[in-house]
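Trainee: Could we take a close look at a single part of this model together? I would like one connected walk through it.

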Amino acid sequence: MAAKEVSAGSVSPGNAAQQAFWTEGPGLTWVAMRDELDTLHSHISELVLAAGAAQPGETALDLGCGAGATTLALAEAVAPEGHVTGIDVSTSLLEVARARAEALGGIRPNFIHADAQVWRPETQADLCLSRMGVMFFDDPDAAFANILHFLRPGGRLAFICWRASDENPWFDLPMKAAVAHLGPPEGGDPNAPGPMAFRDPERVRRILLGAGFERITIETVEAVLRLPQGAKAWDLATRIGPAVRHMRDKGASAAQAEAIRADIETAFAALMANGSATIPARMNLVTASRP
């Protein structure tokens, strides 16, 4: 049976909540803080871009491209004759990405509002890359089976994703502070779409093997989150991340929110007692290829 044609802009029903999340509300926080977040995640970007190893003249797709930082880096790598497309479910973040591209010379990436779980590109790529953008699929098995067809035979996949929360102070410290004041979150599926959904390398391997990928490598890498000049870790952590969602879900009062913020500040201050402007992070760096 021929693959069903899905137009750009189409989002699978299961991923509609993710589209709303990243376009409205929390997504608008990412829009407002795009420069700070690009700095925060810059080392993570460097790691996945090195793993993808885009070459001049190649065609590349950036999955979950957000505000376009990695898409623009890919465009520079494949210049002068390559092609790059960034796709995302967030129209708000795509507006920022397009504006950034307009301001630059050289290869200008294309940006498409699309859901990688169901969309199909017109042209197959040499490389699919993602910086923390593939952990949010409602059906990751279906998504990666679809992503396989984004690539030409021999084409490469490279993505980076978070390991467990307790291996990443950026998530762990704020969440502990929130739970101390509000109680634990409601029980749920630990593999549900979210930042830590791909924390287990064996789960990731099973998904990729089931989708048809080969030559799969999954490496634990030590990264750093680089704080923008003058930024405070506790400031950023009270605006984005699971602790913020927990506070919202629990209906935290102003007094509770202030107490949580104070605890987060104390926790990060102790972590950064050496004056470092970085926070350690532990990631899964994944590569694979299409047969």
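Which residues of helix α11 (residues 242-249) are buried?

Mentor: Happy to go through it! A quick note first: this is a predicted model, in which local features need pLDDT of at least 70, side-chain atom pairs count only at pLDDT 80 or more, and totals for chains, interfaces and linings use all residues. Residues are numbered from 1 along each chain as its sequence is written, and side-chain values use heavy atoms, with hydrogens and water left out.

In α11, the buried residues are A243, V244, H246 and M247. Buried here means under 20% relative accessible area, with exposed over 50% and partly exposed in between (1.4 Å probe, protein chains only). Helices are DSSP runs (H or I, at least four residues), numbered from the N terminus. Looking down the axis of α11, you find its buried residues within an arc of 160°, so they line one face of the helix; the arc is that of the directions from the helix axis to the C-beta atoms.

What lies over them? The cover of α11's buried residues includes α8 (169-182), α10 (233-237) and α12 (254-271), where contact means heavy atoms within 4.5 Å. After α11 comes G251, with a positive phi near 65°.

Note on methods
Helices (H or I, at least four residues) and strands (E, at least two) are DSSP runs, numbered from the N terminus.
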